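Biologist: Hello! Could you walk me through this structure step by step?

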Amino acid sequence: MLLTTGLVALCVWASDLLATILKVAVDRPRPFSVVPEADRLLGGTIGSSFPSGHATTSAAGAVALALLVGRALPWLVTAGLGVLAAAIAFSRVYVGVHYPLDVLAGAALGAAVATAILLGIRPLLRTSTGRRRSEAGQPPG
């Protein structure tokens, strides 16, 4: 459980760091500062728009949890993680602080970072040094 928590946190923090670096590099203004008709529902938002940090971190967390504990959870719970991440992303567009491309790029970034980290450390997570069951042959008797 502690390992799973740490790995999910690593995925979320790494994706947030990359999103922050991209925000500085791209420096895209937010919709409410460019489109005069845009009526933002959320005040106090600062910084650039691309990519959405909320979409990035929620997608990273959902993908990491699904990959790490997906087999232990019913498919409905795993699908619910994706629905929750999508709702967070949609809410950023709805409140007027991001363009749709901002949240799509953020979600893709978060999912890619989580997948890359977890696939990259998969060999380190193997706990058994013996042969796999399928390679062991038939049990005696």
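Biologist: In which order do the elements of the protein chain run from the N terminus on?

Modeller: This is a predicted model, where local features need pLDDT of at least 70, side-chain atom pairs count only at pLDDT 80 or more, and totals for chains, interfaces and linings use all residues. Residues are numbered from 1 along each chain as its sequence is written, and side-chain values use heavy atoms, leaving out hydrogens and water. Helices (H or I, at least four residues) and strands (E, at least two) are DSSP runs, numbered from the N terminus. The chain has six helices and zero strands, and the order is α-α-α-α-α-α.

Biologist: At what angle do the axes of helix α3 and helix α5 cross?

Modeller: Axes are lines fitted to C-alpha atoms, for helices over the stretch in contact, and angles run from 0 to 180 degrees between N-to-C directions. The axes of α3 (residues 53-69) and α5 (residues 100-125) come within 7 Å, and they cross at roughly 35 degrees.

Biologist: Is threonine 56 buried or exposed?

Modeller: Threonine 56 sits in helix α3. Buried means under 20% relative accessible area, exposed over 50%, and partly exposed in between (1.4 Å probe, protein chains only). Threonine 56 has 0% relative accessibility, so this residue counts as buried.

Biologist: Which residue's backbone oxygen does the side chain of threonine 56 reach?

Modeller: Contact means heavy atoms within 4.5 Å. Leaving aside neighbours within four places in sequence, threonine 56 touches residues including Ser15, Asp16 and Ala107. At 3.2 Å, its side chain reaches the backbone oxygen of glycine 106.

Terms used: Polar contact = N/O pair within 3.5 Å; in protein donor to acceptor, adjacent residues only side chain to side chain.
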